[in-house]
Amino acid sequence: MSAVRHILLPSFLRKALRAYELKSLVRDSGCELCRIGRSRNWRLSATREQMTKIIGLVRDSEEPTWQWIVKLLEQERGDLTQAEIMNFVVRNPEITVNELVILADCTIAEARKAIDAYEFQDI
């Protein structure tokens, strides 16, 4: 299980049109979203998987005023380690290189390395 990360969302309600829909979308992904005191700043508490889910949902919505949260979450999420990429392969052994590159947001070389390591291990 990934560690929970806390991300500051400054002026959350002012930056996004239809902010209540965005709040609902974020909370439906299993994250905790709370206001910091009486300020206009909010805090998102989420794991890497939840951040990835939020990024996908916001991109699918195609709301232009929500794209700032995608950039922020991509920066906070960071890159996957080889072990985390390998976990994708272990959970879905039939995954292709292209699917893994899209799902894990990794390079083709990293995806091939993970798939080869899984296929050539003695099970």
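Colleague: What does the accessible surface of the protein come to?
Modeller: About 8,000 Å², by the Shrake-Rupley method with a 1.4 Å probe. Carbon and sulfur atoms hold 51% of that surface.

Colleague: And what kind of model is this?
Modeller: A predicted one: local features need pLDDT of at least 70 and side-chain atom pairs 80 or more, while totals for chains, interfaces and linings use all residues. Residues are numbered from 1 along each chain as its sequence is written, and side-chain values use heavy atoms, without hydrogens and water.

Colleague: OK, what's the secondary structure?
Modeller: Seven helices and three strands (DSSP runs numbered from the N terminus: H or I of at least four residues, E of at least two). Along the sequence, the pattern reads β-α-α-β-β-α-α-α-α-α.

Colleague: What size of box do the C-alpha atoms fill?
Modeller: Roughly 55 × 25 × 20 Å, taken along the principal axes.

Colleague: How much of the protein counts as buried?
Modeller: 39% of its 123 residues. Buried is under 20% relative accessible area, exposed over 50%, partly exposed in between (1.4 Å probe, protein chains only).

Colleague: Switching to rings: how many aromatic pairs are there?
Modeller: Two. Phe, Tyr and Trp (six-membered ring) pair with centres within 6.5 Å; planes under 30 degrees apart are stacked, over 60 edge-to-face, the rest tilted.

Colleague: Why is the F12 and W42 pair called tilted?
Modeller: Their planes meet at 50°, so the pair is tilted, with ring centres 5.7 Å apart. F12 is in helix 1 (residues 12–15) and W42 in strand 3 (residues 42–46), so to speak distant parts of the chain, 30 residues apart.

Colleague: Is W42 buried or exposed?
Modeller: W42 counts as buried, because its relative accessibility is 7%. F12 is buried too, at 0%.

Colleague: And what about F12 with W68?
Modeller: That pair is edge-to-face because the planes stand at 65°, and the ring centres are 6.2 Å apart. W68 is buried, as F12 is.

Colleague: Which residues form the aromatic cluster, then?
Modeller: F12, W42 and W68 form one cluster.

Colleague: Which charged end sits over the ring of W68?
Modeller: The one of K15, 4.7 Å from the ring centre. The rule is NZ of Lys or CZ of Arg within 6 Å of the centre and within 35 degrees of the ring normal.

Colleague: What sits over the ring of F88?
Modeller: The charged end of R91, 5.1 Å from the centre of that ring.
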